[in-house]
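Hi,

Here is the structure I promised to send over. Have a look at it first, and then read on for what I found.

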Amino acid sequence: MGRSCTTRGGLHFFMKLKVMPISEEDLIAAKVPPEYRDYCADVFLEYNRCFIKKFPFVVLCAEEAHKYQECEYNDDVLRAKEYERERRLLVRERRRQRAMEAVTA
């Protein structure tokens, strides 16, 4: 997994890049609806295959359904953490700029 560098106020912050687990072409070929083409698409495909295979007894796909819901939850949590991290970095940068303006003024 690669890393990206974010520079804020002369400081460098490194974080892992998110990589799609399955290509867009594969998602289109599998006829996955656009609203499900996210970082949990591979888990969604597993759940969908199980659902189709065991159709009248979809309760047997509870494990796959749980994995998909867990993946979606973890993705939401990670997205919230990334948002909060960016917000805090912007606040820190504004605070440093105000401090520099106060010193030079």
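Before anything else, a word on handedness: a crossing is called left-handed if the near helix is turned anticlockwise from the far one by less than a right angle, and right-handed if clockwise. By that rule, α2 passes α3 in a left-handed crossing.

Some housekeeping. This is a predicted model, where local features need pLDDT of at least 70 and side-chain atom pairs count only at pLDDT 80 or more, while totals for chains, interfaces and linings use all residues. Residues are numbered from 1 along each chain as its sequence is written, and side-chain values use heavy atoms, with hydrogens and water left out.

Now the overall picture. The protein has three helices and two strands, in the order β-β-α-α-α along the sequence. Helices (H or I, at least four residues) and strands (E, at least two) are DSSP runs, numbered from the N terminus. Of the 105 residues, 19% count as buried; buried means under 20% relative accessible area, exposed over 50%, and partly exposed in between (1.4 Å probe, protein chains only). The accessible surface comes to about 8300 Å², and 58% of that belongs to carbon and sulfur atoms (Shrake-Rupley method with a 1.4 Å probe; for residues, only the protein chains shown count as cover).

Back to the helix pair. The axes of α2 (residues 41–53) and α3 (residues 62–104) come within 9 Å and cross at roughly 155 degrees. Axes here are lines fitted to C-alpha atoms, for helices over the stretch in contact, and angles run from 0 to 180 degrees between N-to-C directions. The two helices are therefore roughly antiparallel to each other (angles under 35 degrees count as roughly parallel, over 145 as roughly antiparallel, 65 to 115 as roughly perpendicular and the rest as oblique).

Which residues meet there? On the α2 side they are Val43, Phe44, Glu46, Tyr47 and Cys50, and on the α3 side Glu64, Ala65, Lys67, Tyr68 and Cys71. They divide into seven nonpolar, no polar and three charged (Ala, Val, Leu, Ile, Met, Phe, Trp, Tyr, Cys and Pro count as nonpolar, Asp, Glu, Lys and Arg as charged, and the others, Gly among them, as polar).

Phe44, in helix α2, is buried, with a relative accessible area of 10%. Leaving aside neighbours within four places in sequence, Phe44 is in contact (heavy atoms within 4.5 Å) with Val32, Pro33, Tyr36 and Tyr68. Glu64, in helix α3, is partly exposed at 22% relative accessibility. The C-alpha atoms of Glu64 and Glu46 are separated by 6.8 Å, though they sit 18 residues apart along the chain.

Lys31 is found in the loop between α1 (24–29) and α2, and counts as exposed at 71% relative accessibility.

Cheers
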